[in-house]
Amino acid sequence: MTKSDFIERLVKRLDSMNPEMIQEIVKRILQYMSEKLSEGERIEIRGLGSFTLRYRSARTARNPQTGNSDVKVKSKYVLHFKPGKKLRDRVDVYK
């Protein structure tokens, strides 16, 4: 689902609200989350999960196209999402 699909579904569910207002709210929420993550803060949404940054140190990797194993990868922070229990239970259809 894309952001525009998400907004479209919200507009259908919240038909009493102005569609432009819904779009602006979603935009601001995502922007705020992005800012806080870039500042190193953790975001937790109960029932959904938590977003954090994890540090990955520099390493040597392999290029899968050429097989060359001398590719240097710089250290970096990567986004990590840990789903909450309610979400895990909801998507675990093979229980």
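Helices (H or I, at least four residues) and strands (E, at least two) are taken here as DSSP runs, numbered from the N terminus. The structure is a predicted model, in which local features need pLDDT of at least 70, side-chain atom pairs count only at pLDDT 80 or more, and totals for chains, interfaces and linings use all residues. Residues are numbered from 1 along each chain as its sequence is written, and side-chain values use heavy atoms, with hydrogens and water left out.

The protein chain holds 3 helices and 5 strands. Read from the N terminus on, its elements follow the order α-α-β-β-β-β-β-α. Along the principal axes, the C-alpha atoms fill a box of roughly 60 × 35 × 30 Å. The radius of gyration of the protein chain, taken over C-alpha atoms, is 19 Å, whereas a compact globule of 95 residues would have a value near 12 Å; the globule rule is 2.2 Å times the number of residues to the power 0.38. Of the 95 residues, 15% count as buried, where buried means under 20% relative accessible area, exposed over 50%, and partly exposed in between (1.4 Å probe, protein chains only). Among the contacts with a separation of 6 or more, 31% come from residues 24 or more positions apart; a contact means heavy atoms within 4.5 Å.

Salt bridges are considered next. A salt bridge is a side-chain nitrogen of Lys or Arg within 4 Å of a carboxyl oxygen of Asp or Glu, and a search of the whole structure finds 6 of them. One of these joins the side chains of E24 and R28 at 2.8 Å, N to O. Both residues lie in helix α2, 4 residues apart, which is about one turn of the helix. E24 is partly exposed, with a relative accessible area of 32%, while R28 is exposed at 57%.

Helix α2 (residues 19–38) also contains K36, which counts as buried because its relative accessible area is 17%. Leaving aside residues up to four places away in sequence, K36 touches E41 and I43. With E41, K36 forms a salt bridge whose closest N and O atoms are 3.8 Å apart. E41 is partly exposed, with a relative accessible area of 39%. Salt bridges that share partners join K36, E39 and E41 into one network. A further salt bridge links E44 with R42, the closest N and O atoms being 2.9 Å apart; E44 counts as partly exposed at 41% relative accessibility.

In strand β2 (residues 49–56) lies T52, which is buried with a relative accessible area of 18%. Beyond residues up to four places away in sequence, T52 touches L37, R42, V78, L79 and H80.

The largest pocket remains to be described. On a 1 Å grid over the protein atoms alone, a pocket is an open set of points where a 1.4 Å probe fits, with protein on both sides within 12 Å along at least five of seven lines, and lining residues have an atom within 4 Å of a point. The largest pocket holds about 410 Å³ of space, a volume being the space filled by probe spheres set on the points, which are joined across faces, edges and corners. Its lining comprises 16 residues, of which F6, V26, I29, L30 and L48 lie nearest the centre. Helices α1 (3–13) and α2 each supply at least two residues of this lining, and α2 gives the most, with 6 residues. The lining divides into 14 nonpolar, 1 polar and 1 charged residues, where Ala, Val, Leu, Ile, Met, Phe, Trp, Tyr, Cys and Pro count as nonpolar, Asp, Glu, Lys and Arg as charged, and the others, Gly among them, as polar.
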